[in-house]
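I open these notebook entries with the structure itself. My entries on what I looked up follow below it.

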Amino acid sequence: MRTRTRPRPTPVLTAIGLLATAAVVSLSGCAASSSATEPTTSPNGAAHFPVTIENCGTPVTITAAPRRNVLVNNDELPNLEALHAVDRIVGITAPLAPDLYAKQTYRDLARLHVLSTKQTSTGGSVVSQESLLGAKPDLVIAPANAVDRDALQAAGIPLYTPSAYCTDPGPELSRTATFGRVWSELRTLGTVLGEQALAEDAVQAGRSTLAKQSASTDRGTAAALYVSSGGGVLSPYGGPSMVTPVFHAVGLHNVYADAKQRVFDANVEDIISRDPSTIVLLYSSGTAQDTIDSFRTAPGVSGLSAVRHHRVVALRFPFTDPPSTLSVAGPAELARQLDALG
């Protein structure tokens with residue numbers, strides 16, 4: 001097995017640079033739950049600022065509740081929905097994928113123009129400095145490798161990076177993932193936005209949803225794969241990915257749960273040697289059937305027992321990684337597809 005770590009393909013566009021004239025900054029590791037100095041609250045529950053959190057190894061101070069947020073990629077959107085903060089978004093870098101979010105979210109964001117971007121050779125996007133600053137944000141939410149934190153800081157704009165997108169994940173995020181990462185993400189973002197009470201409500205709602213998901217049935221083993229380069233590259237998701245707890249919630253065991261990488265490339269022989277009884281294909285565009293058909297053309301996959309026994313399903317990325325309220329909805333969506341297999 002080759003374990004070359006690669007960024008996870010995102011459900012929509014993967015932004016690889018935000019300031020067109022700035023170099024990417026390498027940042028230090030991030031703990032599983034970004035440590036935060038909780039803001040005090042007034043008797044009516046309003047948060048007091050400033051508040052400082054440690055984000056991907058860097059202290060970030062928020063001086064006031066952010067009201068103008070630019071969202072690079074849409075991965076954090078489900079959590080912003082839970083915190084009732086969609087109406088604070090003033091800039092996005094990608095159109096919304098259909099049938100993932102609340103109807104009101106589509107209505108709220110339909111008024112926004114996607115920020116001016118240039119497509120890269122790897123399929124990502126570069127957002128121009130002019131279009132970013134033109135949105136006049138007081139917070140940018142973006143992967144660490146998509147922006148220059150120092151350049152944003154110089155412009156007086158704080159950056160919040162979801163924990164899954166720290167440049168160096170650190171030892172904590174290299175451990176086997178649990179749904180605790182969703183709760184941590186909600187609470188940290190709630191602190192940043194001054195919505196701690198809503199964050200706690202979302203955590204309790206998520207726990208209640210999972211409690212209704214029975215994992216009493218042992219469905220055997222599975223591998224979650226992303227297929228790229230026309231079927232030439234197969235990328236399994238390891239123990240640190242949210243695939244592992246989503247699988248566990250429906251009675252599946254991730255055959256790559258022992259891997260310390262979140263996502264990596266593997267040859268088909270290695271996948272065959274682990275003999276997953278089910279293959280779950282994660283996809284970000286097209287249809288589920290297109291994804292399955294493309295996978296079946298990949299060299300060597302006919303040697304997988306899951307392929308021979310027709311146990312291949314396709315699941316949209318946001319139902320697993322990165323940690324969000326959609327990860328909590330993932331088990332029910334996956335269970336529905338598994339039940340259809342019989």
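**Entry 1: an aromatic cluster.** I looked up the aromatic rings and found that Tyr226, Tyr237 and Phe317 form one aromatic cluster. Rings of Phe, Tyr and Trp (its six-membered ring) pair if their centres lie within 6.5 Å; planes under 30 degrees apart count as stacked, over 60 as edge-to-face and the rest as tilted. By this rule I count four aromatic pairs. One of them joins Tyr237 and Phe317, with 6.0 Å from centre to centre and 65 degrees between the planes, and is edge-to-face. This pair links distant parts of the chain: Tyr237 is in the loop between β11 and α7 (243-249), Phe317 is in the loop between β14 and α11, and 80 residues separate them. Tyr237 and Phe317 are both buried, where buried means under 20% relative accessible area, exposed over 50%, and partly exposed in between (1.4 Å probe, protein chains only). I also noted the rings of Tyr256 and Phe264, whose centres are 5.6 Å apart and whose planes stand at 65 degrees, so this pair is edge-to-face. Tyr256 counts as buried at 0% relative accessibility, and Phe264 is buried with a relative accessible area of 0%.

**Entry 2: the basis of the values.** I recorded that this is a predicted model, in which local features need pLDDT of at least 70, side-chain atom pairs count only at pLDDT 80 or more, and totals for chains, interfaces and linings use all residues. Residues are numbered from 1 along each chain as its sequence is written, and side-chain values use heavy atoms, with hydrogens and water left out.

**Entry 3: the whole protein.** I found 11 helices and 14 strands in the protein. Helices (H or I, at least four residues) and strands (E, at least two) are DSSP runs, numbered from the N terminus. Of the 342 residues in the protein, 54% are buried. Contact means heavy atoms within 4.5 Å. Among contacts between residues at least 6 apart in sequence, 66% join residues at least 24 apart. The protein exposes about 14400 Å², of which carbon and sulfur atoms supply 53%; these areas come from the Shrake-Rupley method with a 1.4 Å probe, and for residues only the protein chains shown count as cover.

**Entry 4: an open sheet.** I traced an open sheet of four strands in the order β5-β4-β8-β9, with parallel pairing. β5 (89-92) and β9 (159-160) stand at the edges with a single partner strand each, so one side of each has no neighbour in the sheet. Two strands pair if DSSP finds at least two bridges between them. Strand β8 (residues 139-141) is joined to β9 by two bridges, and they run parallel. Val140 stands opposite Leu159 in β9.

**Entry 5: β11 and Pro236.** I then turned to β10 and β11, which run antiparallel and are joined by four bridges. The bridge partner of Leu225 in β11 is Pro236. From β11, Val233 and Ser235 point one way, Leu234 and Pro236 point the other way, and all are buried. Which residues does Pro236 contact, leaving aside its neighbours within four places in sequence? Pro236 is in contact with Ala224, Leu225, Tyr256, Arg262, Val263, Phe264, Asp265 and Ala266. Pro236 counts as buried at 0% relative accessibility. From C-alpha to C-alpha, Pro236 and Ala259 are 9.5 Å apart in space and 23 residues apart in sequence.

**Entry 6: helix α9.** In helix α9 (residues 288-296), I found Thr291, Ile292 and Phe295 buried. They cover an arc of only 95 degrees around the axis, which puts them on the same side of α9; the arc is that of the directions from the helix axis to the C-beta atoms. The buried residues of α9 pack against β10 (220-228), β11 (233-236), β13 (278-283), α10 (305-308) and β14 (312-316).

**Entry 7: two further residues.** I looked up Leu109, which lies in helix α2 (residues 103-109). Leu109 is buried, with a relative accessible area of 4%. Not counting residues up to four places away in sequence, Leu109 touches Leu77, Val86, Ile89 and Leu96. Thr320 is in the loop between β14 and α11 (325-341), and counts as buried at 1% relative accessibility. Leaving aside neighbours within four places in sequence, Thr320 contacts Met242, Val243, Val246, Leu282, Leu315 and Ser327.
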